[in-house]
Amino acid sequence: VASLLASGIILAAAGVSPQALLLELIPETLGNSQSLQSILIEVAPLIMVGLSASLAFKVRFWNLGIEGQMIWGGIAATAISLHHVGPPSLRLPLMLAAAAFAAASWIGISVVLKARYRVDEIISTLLLNYIAINFLHYLVFGPWVNPVDGMPHTSQYAEYERLPQLAPGLDASLLIAMLFVVGAAWLVHLSRAGGYMRFVHANRRMAQFVGVPVAGVTLLAVFLSGALSGIAGYSICAATEGRLTEGFYGGYGFSGVLIAFLAGNRPIAVTLVAVFVATLFVLGQSLQIFYQIPFAIVQLVQAIVVIFVAASEFWIRHRVRWSS
Amino acid sequence: MTMTFLTGWLASVPSVAVPYALAALGLIISERSGVLSLTAEGLMLVGALSGVAAHIFLGGHELIALVVAMVSASVVSILFGILVVVLRVNQVIAGLAMVFFCQGLTNLIGSVAGWTNHAVAGLGQFRLGSLADIPILGRIIFAQDLVVYLTIPIFALCWWILTRTNVGLRLRAVGENPEAADAVGINVVNYRFAAIMIGSALVGLAGGYLSIVSTKIWYPEMTGGRGWIAVALVIFARWQPWRALGGAILFGGIEAGIPQIAATGLHVNQYFVLMTPYAATLAVMIWGGRSMADVAAEPGALGQPFVREERR
């Protein structure tokens with residue numbers, strides 16, 4: 001497993017900066033309390049998208065529309081904020097509920113397309129991402145453009161619409177994410193529905209034959225998956241950004257898939273992998289600032305990690321004997 | 001007015017349709033061998049970037065640049081081949097990882113090497129003599145670029161190889177039932193590898209066409225989901241080359257119509273306009289899913305790794 005990290009580092013070094021600089025950068029970033037804080041801030045949405053992907057993959061539904069669902073989560077939460085729905089004390093829960101509902105509805109389109117018209121969810125969730133992105137751009141460049149500076153983001157949320165910092169570096173979004181981890185772990189490992197999900201994952205037809213409510217369990221997992229992605233979008237808007245921005249969803253879609261894959265769809269493991277990916281994110285940000293290396297390097301390293309891990313599974317399961 | 005609208009529209013359809021057609025054909029070749037290939041979005045980017053790079057370095061030979069685009073996409077696809085054919089990684093995961101790998105790689109290389117927003121000359125019209133001077137029809141049919149004309153023979157060749165030759169028969173056997181193919185002595189691994197590499201070369205050509213001929217420029221993630229639309233097109237075409245060509249022309253018609261309609265002064269918000277290719281793809285998929293009864297057109301072993309000596 002160490003080799004995969006090394007490969008990423010070598011690649012970055014070979015591509016751009018001398019290795020020594022990079023070896024300085026990593027301790028610099030990780031030893032710094034401010035970057036540790038930014039890692040903690042990044043972890044929360046990553047946990048949520050990781051759980052989202054895990055739940056969908058658990059019932060073999062390829063939810064590749066995480067970014068689209070995040071966008072709808074952000075849009076719905078912002079709509080509540082802009083139209084001042086509900087009293088200020090209830091504003092945050094209302095925004096969360098709206099985000100979850102909007103995102104679950106968005107994934108619902110793919111569910112309907114699959115169930116009624118046999119449109120593969122891989123295609124439909126991906127294509128719906130592009131539609132959601134364009135709709136977001138329409139809003140932030142058009143009707144929701146910031147009236148003060150004319151920049152492509154909405155005006156700032158009010159103070160009571162933002163997730164509070166409980167302690168320095170400890171964001172309320174992280175707390176919410178941890179609650180979701182516990183909830184998802186209970187659902188997947190302890191509840192009856194989780195047992196059904198394992199059955200559906202192992203063999204959908206067989207599950208049907210022995211009387212597992214396949215459709216119900218699948219729908220439950222898929223809608224929860226959509227809602228979690230929506231809440232991830234909401235938490236970025238309400239905690240980190242404080243407004244709806246043009247590109248807040250960037251990079252989370254693939255990260256969710258990657259986290260679920262590396263964690264083997266297990267909620268507790270999702271948390272650990274999310275910390276690793278958050279570290280990558282923050283490293284990527286400092287690379288971008290100090291060395292003008294595009295953030296795409298993070299995406300590249302993530303892809304290399306997936307490729308390495310996927311490839312290494314073969315060597316774990318098989319032993320190769322060279323016959324002469 | 002209507003006439004200029006129609007000729008302008010129809011004349012621009014082929015160049016929009018060509019990337020879809022070539023990418024879909026490439027995917028069909030690989031999927032007919034039983035390898036579910038979601039890689040198109042990434043490999044098109046590889047083709048697009050390497051095409052522009054070759055164009056800059058080799059002094060503006062468009063055709064050489066297109067060949068370079070094909071070769072580099074094919075080379076990158078070796079990695080995908082190793083993952084899914086040799087190491088039997090889940091083909092969805094491997095395909096996705098490849099797309100994000102290619103997105104990250106091309107984005108990084110393009111911006112570090114300074115190839116972003118570097119304009120290239122592009123491929124000129126290839127006027128078929130005096131035929132191009134025929135009013136209206138000349139502009140639509142006989143004044144396209146070379147790749148448009150090459151697309152038809154490429155399709156014919158691939159269709160002929162797939163359906164009328166021994167090689168094609170074996171390839172389809174590998175995709176339908178690898179155990180049986182293996183039993184009669186066909187090397188499943190070699191056929192799948194070859195199918196991936198040849199198919200990816202066509203996907204790379206589609207990407208190179210996008211950057212060198214259509215936009216004449218490289219920018220990160222310039223394919224904008226066209227690879228995914230090609231994947232959808234393959235399903236819509238039920239893995240039949242000619243149907244894929246028809247589907248590509250349909251998509252090309254829709255996408256080419258958008259700027260033409262905008263030019264007539266009809267005012268629609270640009271972001272809704274930008275959504276139409278994706279919405280149209282979904283609509284076409286719905287229509288296809290409704291009217292198509294023969295789900296069996298899908299290659300039998302699509303997405304399944306082949307493990308020799310494993311009982312199923």
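User: Does F199(A) count as buried, partly exposed or exposed, and why?

Analyst: This is a predicted model. F199(A) lies in helix α8 of chain A, which covers residues 192-202. Buried would require under 20% relative accessible area and exposed over 50%. The relative accessibility of F199(A) is 35%, and therefore F199(A) counts as partly exposed.

User: Which residues does F199(A) touch, leaving out those up to four places away in sequence?

Analyst: The helix that holds F199(A) is α8 of chain A. With residues up to four places away in sequence set aside, the contacts of F199(A) are R204(A), M206(A), A207(A), V210(A) and V212(A).

User: What distance separates the C-alpha atoms of F199(A) and L287(A)?

Analyst: Along the chain, F199(A) and L287(A) are 88 residues apart.

User: How many helices and strands does chain B have?

Analyst: Read along the sequence, chain B follows the pattern α-α-α-α-α-α-α-α-α-α-α-α. Of the 312 residues in chain B, 55% are buried. The secondary structure comes to 12 helices and 0 strands.

User: How much area is buried between chain B and chain A?

Analyst: The contact draws 46 residues from chain B and 40 residues from chain A. L108(B), Y271(B) and L282(B) supply 16% of the area that chain B buries against chain A, more than any other three residues. Carbon and sulfur atoms give 82% of the total buried area, which is about 3800 Å².

User: How many salt bridges are there between chain B and chain A?

Analyst: The side of chain B that touches chain A divides into 32 nonpolar, 10 polar and 4 charged residues. Between the two chains, 2 residue pairs are in polar contact. The count of salt bridges between chain B and chain A is 0.

User: Which element gives the largest share of the side of chain B that touches chain A?

Analyst: The elements that give two or more residues to this side are α3 (62-86), α4 (91-112), α10 (226-236) and α12 (270-291) of chain B. The largest share, 14 residues, comes from α4(B).

User: Which residues touch the most other members of the largest nonpolar core?

Analyst: W228(B) touches residues of both chains, among them I123(A), L126(A), L38(B) and V99(B), not counting residues up to four places away in sequence. The largest nonpolar core has 202 residues, and those that touch the most other members are L46(A), Y234(A) and W228(B).

Definitions and conventions:
Residues are numbered from 1 along each chain as its sequence is written. Chains are lettered from A and ligands numbered from 1 in the order in which they are written. This is a predicted model: local features need pLDDT of at least 70, side-chain atom pairs count only at pLDDT 80 or more; totals for chains, interfaces and linings use all residues. Side-chain values use heavy atoms; hydrogens and water are left out. Contact means heavy atoms within 4.5 Å. Buried area is the accessible area (1.4 Å probe) that two parts lose on being put together, summed over both. A salt bridge is a side-chain nitrogen of Lys or Arg within 4 Å of a carboxyl oxygen of Asp or Glu. A polar contact is a pair of N or O atoms within 3.5 Å; within protein, one must be able to donate a hydrogen and the other to accept it, and residues adjacent in sequence count only if both atoms are side-chain atoms. Helices (H or I, at least four residues) and strands (E, at least two) are DSSP runs, numbered from the N terminus. Ala, Val, Leu, Ile, Met, Phe, Trp, Tyr, Cys and Pro count as nonpolar, Asp, Glu, Lys and Arg as charged, and the others, Gly among them, as polar. A nonpolar core is a set of buried Ala, Val, Leu, Ile, Met, Phe, Trp, Tyr and Cys residues joined through side-chain atoms within 4.5 Å. Buried means under 20% relative accessible area, exposed over 50%, partly exposed in between (1.4 Å probe, protein chains only).
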